[in-house]
Amino acid sequence: MNNNVYGLMFDAIVNQYLIEHCGRDPQSSEEIGFLVNSFCNFFGSVRYPGVVDCGMRVNKIGKTSVEYEIGVFEQGKDDVRAVGGFTHVFCDRRKNRPQPEGMAPEIRAGLEEILAREAPKL
């Protein structure tokens, strides 16, 4: 699988979660997430064409920011092939600045549902 595909996949997974669990509408929500950092570490190749299984969690939640982590596995296999993620800073759509009171409560509540309770072990 091409490296660019991983970034697209991570973005789609995170945004789908925000839509389904945090009440976000990419077209009309007052708050939007700006991507301020991203990474991907590769541990093995994934066959193309092939099917992948992915798991997502939140590693850290700040006042206005969140750090996501996504593991990529070949379907039916237990060893991780890649781990990546990014950091969003939630900002007012009109001002492009974080809200002084922090992210909206519904965003925080949805993200806390998948907050890792222990440090990542890679």
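Let me start with the aromatic pairs. This is a predicted model, and a search of the whole structure turns up three such pairs. The one I will show is Tyr6 with Phe42, an edge-to-face pair, with 5.0 Å from centre to centre and 80 degrees between the planes. Where do the two residues of this pair sit in the chain? Tyr6 is in helix 1, while Phe42 is in strand 1, which covers residues 31-42. They are 36 residues apart, so please find both on the screen, because the pair links distant parts of the chain.

Next, the nonpolar core. The largest one has 23 residues, and Tyr68, Phe90 and Leu111 are those with the most contacts inside it. Which elements supply at least two residues each? They are helix 1 (3-22), strand 2 (52-61), strand 3 (65-74), strand 4 (80-92) and helix 2 (105-112). Helix 1 gives the largest share, seven residues.

Take Leu111 as an example. Leaving aside residues up to four places away in sequence, Leu111 touches Leu18, Cys22, Val58, Ile61, Val66, Tyr68, Phe90 and Met103.

Thr64 is worth a stop. This residue lies in the loop between strand 2 and strand 3. Why does Thr64 count as buried? Its relative accessibility is 17%, and the limit for buried is under 20%, so Thr64 falls on the buried side. With residues up to four places away in sequence again left out, Thr64 touches His88, Val89, Phe90, Pro98, Gln99, Gly102 and Met103. Phe90 and Met103 are also among the residues that Leu111 touches.

Last, the empty space. Rolling a probe the size of a water molecule over the atoms shows where such space is left. The largest pocket holds about 190 Å³. It is lined by 13 residues, and Asn15, Leu18, Pro26, Ile32 and Gly33 are the closest to its centre. Helix 1, strand 1 and strand 4 each give two or more residues to the lining. What classes of residue make up this lining? Five are nonpolar, four are polar and four are charged.

Technical notes. Residues numbered from 1 in each chain as written. Predicted model: local features only at pLDDT ≥ 70, side-chain atom pairs only at ≥ 80, totals over all residues. Heavy atoms only, no water. Core = buried A, V, L, I, M, F, W, Y, C linked by side-chain atoms within 4.5 Å. Buried < 20%, exposed > 50% of the residue type's maximum accessible area, 1.4 Å probe, protein only. Helix = DSSP H or I, 4+ residues; strand = E, 2+ residues; numbered from the N terminus. Contact = heavy atoms within 4.5 Å. Phe/Tyr/Trp six-rings, centres within 6.5 Å; stacked < 30°, edge-to-face > 60°. 1 Å grid on protein atoms, 1.4 Å probe; cavity = no way out; pocket = protein on both sides within 12 Å on 5 of 7 lines; lining within 4 Å. Points joined across faces, edges and corners; volume = space filled by probe spheres on them. Nonpolar A, V, L, I, M, F, W, Y, C, P; charged D, E, K, R; others polar.
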